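Here are my notes on the model you sent over, as numbered points.

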Amino acid sequence: MSLFGSIQLGANTLQAMQIGLQVTGNNIANANTPGYVRQEVIYSPAPVQKFGNLTLGMGVQVDAIVDRIDKFVLDRLVGARGDRAGAEVQEEAYREIENLLNGLSGETDLSTSFTNFVNSIGDVLDNPGSTAARNLVIARGDTLVTTLKSLSSRATTVQQEFDNRVVSTASEINALTEAIRRLNVQIATVEGSGSSSDAGGIRVERQKSIDRLAEILGISVNEQTSGAVNISVGGDFLVFEGQRQLVEVTQVSEGGITRSAIQLQETKSALVSPAGELPAFTKARDEIVGGFLQGLDELAGFLAFEFNKIHSQGQGLVGFKELTSVNSIANPSAALDEAGLAFTPVSGHFELIVFNRTQGVTNTHDVLIKLDGLDGDTTLSELTGQLDSIEGISASLTSSGRLKIVSDSNDLEFAFDGDTSGVLAALGINTFFTGSTARDIGINGELRGFGNEAKFAASGGGLGSESDSANALLLSKFLDQPLSSAGGLTLADVYDRLINTISQGATVSKSVTEGYRVFENTLDGQLQAVAGVSLDEEAINLITLQRIYQASARFIQVASELLDVLVNI
Amino acid sequence: MAGITPIPTSRVGDLFVRQRLLNQAQGDQLSLFELQMQVSTGRRIFRPSDDAPAALRAIALQRTILRKEQSERNLAGSRSVLGSAETALSSVSGVLNDVRGAALGAVNNLTSSDERNAAIATVDAAISALITSGNSSFNGRYLFAGSRTNVPPFTQNGQFVEYRGNEKTLQNYVDIEQLFTTNLPGTEVFGGISGEVRGSVDVNPHLTETTLLSTINGGEGIDTNAALSLNVTLGGATTSSIVDLSGAVTIGDVIRRMEANPPPGGASLRVEIVNNGLTVTTSAGTVRIGEVATGRAARELGILSPPSVVPGASVVGSDLDPLLRKTTPVANLFGTKGTGRMDSTGANNDIILTAAANGTDGNGVTVVYTAGGVKGSEAVGYDSNTKTLTVAIADASSTANDVIAAINANGHFTAKLDGRDTTSVNLAGSGTVTINNFGSVTSGGSGTVLDTASGLVLTNGGKSTTLDISGAKTVEDLLNLITHAGVGLAAEINATGTGINVRSVLSGTDFTIGENGGTTATQLGIRTYTSETLLADFNRGIGVPSNDIQDSALTTITDDLLITARDGTALAIDLDTAATLAEVVALINNANGNHVGTTAVTASLTADGRGIRLADSSTPIAGDLTVQGNAAAETLGFLSVGTASITDNTVDGNGNYSLNSYRHSREDDFAIVARDGTELWIDATGATTVQDIIDLVNNHARNNDGTTRVEARLAANGNGIDLVDTSTAATGNLIVRTAEGSQAAQYLGFVPLGETEVSSNSGSGGSFMLTSQDRHTLEVDSVYNTLIRLRQALAASDSVAIGKAMERLDVDLDRVTFASGEIGLRLRSLDVVQTRLEDESVQLQAALSNEIDVDLVEAISNLTARQFAMQASLQTAASILNLSILDFL
């Protein structure tokens, strides 16, 4: 033991305290930096010295500068971030659809369009001879069709938007994994080669990337002894030490619709993530928006087919002189229920009415549709033949596979009655709507144009003197009518079910998201409790270090004075 | 408000504190803003997920409110229409009362032409006023036209008024699920369509393979989700199969499905249409048909085997009674066609044969395939005596299709392929046939064929037309022909779907439907003049007044009645003491020489009590039974005035010769004088139907004294009664002469009004014929009819007719009053509905408001509370952030 030794001890202390001050200063500087993990200097007593039979302490030494972080909480936070981010995406998807539906406005929503449309038929009942009332029905039908179509197209846009986000996610994943890989290498370099300190800021930077990646994918993070982290998703490693695996966008075709999906570039296997934004985007696209679109299509389908079924049985103020079926059949020799029509007709029959307006004479003809799977089921060709044999009209097949019926003279009109088979609705003959989904629903062109509104089939008693409003009466209670194709539900029920699915989904996703958010915040709080910088704490540290520094300096001064005494002897 | 996040227990970092404080402040602000939005918009929820159950209820409520609003609009429309109708009818009773007053004045003073003309002018004015009322419209909709709202319903057609609307009602929903009839057809207010000409005829349409199941059992159809079970017992073992009939549309579908699903065990089933029902026959064993579970298909198809019946080889179903439809072919009415199958060995060659016409003639036909034919031109011959259809075929070379073509070309039968035997569509009918004899293959033919060759005679509005219906293929064609014959008649299928109704739409005139030499109208049940027609309905309800004088006493007869029995015994009966016919009968039976030995002339009163029947059973037969002509014989009515004698030598059923007398008296209404001078005196008293009059003539004693002189029958052409004189000793004309004081002959239409006699010297086949006028005319019951009739009566100064018209006027007035009352009633019930709708509207709005509207008091107090909370939170945050140890260092 010597005075110089004491001075050296003091100098070491000064240095250690300076390092402490440096770290405290750094902590204070980053007090406001999000994600920053406070650092702590680990002091330990310096190795001891044997002095005679005494063991003398040799002061303090700095062992390491470590990050104060709870790794366990951090791991859990990674999972929580994925859950919260995924739930937020779903919440957003439901909100988008709710915004589209605007169900509570009572003025512009789909429900109102439905009700207004059916209501307008009441005006025809009041004045069956008036074409103006019929025109209103067609106009209201137009509004309904437009509402359905625009809902469908806007929902499709939302769906496309989610698809785009799937695509952009791929590059984000690649950028993040690259950053993590690069930082892995740096951290390993910095912390390796016997250093006992943490890499500090680089780790914070890497953690930021990991956090973001955890939002996108349900990743599991494994820190290696080297300080590098390995990141895997559902068993596939995205980052392994200093390497990473690239992902790419691929187009998956399902049911005729092309969707984007993400796969591993090397193995071409799909990237399956249990949580996070990516699966949420897919779910939002395919299940939430997709399901809504499907429900909307179903609704439009029920509307088109069932309304048409009633409409096709009625007669307008005037009959048809010429008519081409809206829907076509590729193979006219196929039984009508196997010919690929959007709606499937069944066995039944209808009546074709040929009306001579000049003479006021009606001639009714039975047309049988046999579709029981036994011998001789009715085909489009046969139906055409049956119709063609009726006096006063000619029926033929167009080159595009449509049924065309033309009256044989200018005096003759034709109309339809009592279709129990649904074949007229299926073929698009004497129908109100065209199409079978919300995308392609429309108003039959036969009803368009000046004077054609009179073809709105309000009558159930035929053309001419027996014309009445019996069919309009059936149409006017359409909303309350149990629909056979909808399993006995009414159209209002189907609509309510659609709205219910969306609003329940929205409610649930809202509370689920809130739950995840609180959970994440709680974990974040726990993390911050360990890793957060407290200025008060740092200030106390600062003073302590300062005081030690001052005391050490004083100690050196004392030693120095002792040396002076020695020197001046 | 943001979620509540727990605070870590150990230590708190500055960043964490600030972030948390920031979050809290943001959460508070968000809540404040939400409350502010609620207050400013008045809405509690902005999107369904804010409160999903309430939102769903709100959407349903919004829909209900919208529909109630439409109901209110519909109701307002209905109210306007009914209100206009009420206004239009308000003047009608006034007009009718004016007419009554004018007519009353005129009837009291018929001689004054001024008075009469004034009354006629009033009637004319009333007619045109009522036409205007009847054609009232509102908003372009004719109020009294039924559902034909764009056509003025009442139009002046010459001197008549035609109703061009229909009888349909228009309905609208004045509340959800509450239908309301918004119109009264003109027929219910003013009248305008006559009652139906409707007989009791069921035209009995055939059951065919294309008959729709929905039309059988009188339109009740069968349960569409039906199934039935087939059970065949063969060799002591019973096997069953279930036949699913769901989705079957026609009888043919049922037949095919039953034949395609025989119970396992080898027996095949054949299902045929016999006598409008199904007959199921098994190829072996016995067959029973049962229900599946609680179904009723077998019963509805008429083929349920009752447990009490011992099973046989076949089940014969009951008549399925298909509805008459517009598309029913005319050939399928009034019976069934015999039908059967020719089953040849091999596939694709079985043929179903059907007779071309209804009736039993088509039953039991034998079909023979003989050799000697050429493939492709097989010769077919039918012998109707032996009921044998012979087809000359090329053995094992002619195909079923060839045979079918040949039979169809022959025309006596129609043939078609039996689908059961067809293995594939391409091969249908390609199987060859061999020489064979199918004994008695057809059965099930019944009934008759509609006479389409003769046609109908339609008369209305003074126009008469003969309608040729030979071109009518379907019932609708027939209806169209009648409706569009241009005489103001309308034909339709009756409500029960069993026959057709014909009605007139022309007010102010008579209409009739008669035969054109055939049976068409009678068969269809639309003849207006049938044997059952009541005489009371003749002459527009006046009837046929009969001379009802009681005159049973005989004037003293001074001559002896001289009878010679057939054994030659002459009987002379002194009638001085006889005062009644019964006494004459006793005198004859007790006459000297009568009932002595083998002489037996038995006298009795004829059934009508108006004559004496002499039955001569004397033996041996040496000559005729003779009554000699003289005043006594003439008075008693044995022979006509101036006739020398009357004899009979024909043996009746009891081996007697007989003679009848008919004593003309003052009770008689008219005499038919045959060409041989025989007077057939007819007393119409007690006759109630046309048939009674015909019977009176045909059963008249003078017509049954061995010679039929005048035959009465329903007119072969048009309507009326044909009197056909078949007298052989023809010298004079056929005459109908009225008895003094009787108008019966006039009212029956034999003698024109104002005349006493009518005669005919023409006819066909050597007979002279007289046809009565059709006095059973029908008319439209309407106010216009009454007025036009009144006008005609006034012009003719016919006080009876005026009186009749004024009676009708009361009925018309009642009808209009009733209709007005009905409209008033409906308007009142609309008031009730409206009040209810208004109440409901308030309730619904309140309910909707409950669901989605904000409670302002609550929202504002929440706002205030939150404001305070935020203030406190900010203050505490500020003080926390201000605190730092640095300040104390």
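1. Strands are DSSP E runs of at least two residues and helices are H or I runs of at least four, both numbered from the N terminus; two strands count as paired if DSSP finds at least two bridges between them. Helix α7 (residues 380-388) of chain A packs on this sheet and touches β14 and β15 of chain A, its direction making about 165 degrees with that of β14(A). For such angles, axes are lines fitted to C-alpha atoms, for helices over the stretch in contact, and values run from 0 to 180 degrees between N-to-C directions.

2. Before going further, a word on the source. This is a predicted model, in which local features need pLDDT of at least 70 and side-chain atom pairs count only at pLDDT 80 or more, while totals for chains, interfaces and linings use all residues. Residues are numbered from 1 along each chain as its sequence is written, and chains are lettered from A and ligands numbered from 1 in the order in which they are written.

3. Back to that sheet as a whole: it is open, has 3 strands in the order β11-β15-β14 (chain A), and pairs antiparallel. The edges are β11 (322-324) and β14 (393-397) of chain A, each with a single partner strand, so one side of each has no neighbour in the sheet.

4. Elsewhere in chain A, strand β5 (residues 219-223) and strand β6 (residues 229-233) run antiparallel, joined by 5 bridges. A:Ser220 has A:Ser232 as its bridge partner in β6(A). The hairpin of β5(A) and β6(A) has 5 residues between the strands, and A:Gly227 there takes a positive phi near 95 degrees.

5. Taken overall, chain A holds 11 helices and 18 strands. Its radius of gyration, taken over C-alpha atoms, is 40 Å, well over the 25 Å that the globule rule gives for 569 residues, so chain A is more spread out than a compact globule; the rule is 2.2 Å times the number of residues to the power 0.38. The C-alpha trace of chain A spans about 150 × 45 × 35 Å along its principal axes. Buried residues are 49% of the 569 in chain A, where buried means 20 or more other C-beta atoms within 10 Å of the residue's own, with C-beta atoms placed from the backbone.

6. How many residues does each chain bring to the contact? Chain B gives 65 residues and chain A gives 72, with two residues in contact if their C-beta atoms, placed from the backbone, lie within 7 Å. α1 (14-41), α2 (52-90), β5 (171-175), α6 (251-260) and α9 (475-483) of chain B each supply at least two residues of the side of chain B that touches chain A. α2(B) has the largest share of that side, 14 residues.

7. In chain B, an open sheet of 3 strands runs in the order β29-β30-β33, with antiparallel pairing. Its edge strands are β29 (601-605) and β33 (657-660) of chain B, each pairing on one side only, and the twist averages 20 degrees from one strand to the next. Strand β30 (residues 612-616) of chain B is joined to β33(B) by 4 bridges, and B:Ala615 stands opposite B:Ser658 in β33(B). Helix α12 (residues 581-589) of chain B lies across β29 and β30 of chain B, at about 170 degrees to β29(B).

8. Do look at the hairpin of β34(B) and β35(B), which has 5 residues between the strands; B:Gly677 in the turn has a positive phi of about 90 degrees. B:Ala671 has B:Trp681 in β35(B) as its bridge partner. From β35(B), B:Glu679 and B:Trp681 point one way and B:Leu680 and B:Ile682 the other, and all are buried.

9. Lastly, helix α16 (residues 783-796) of chain B is mostly covered, with 11 of its 14 residues buried. Just after α16(B), B:Ser797 takes a positive phi of about 55 degrees.

How values were computed:
Buried ≥ 20, exposed ≤ 12 C-beta atoms within 10 Å, placed from the backbone.
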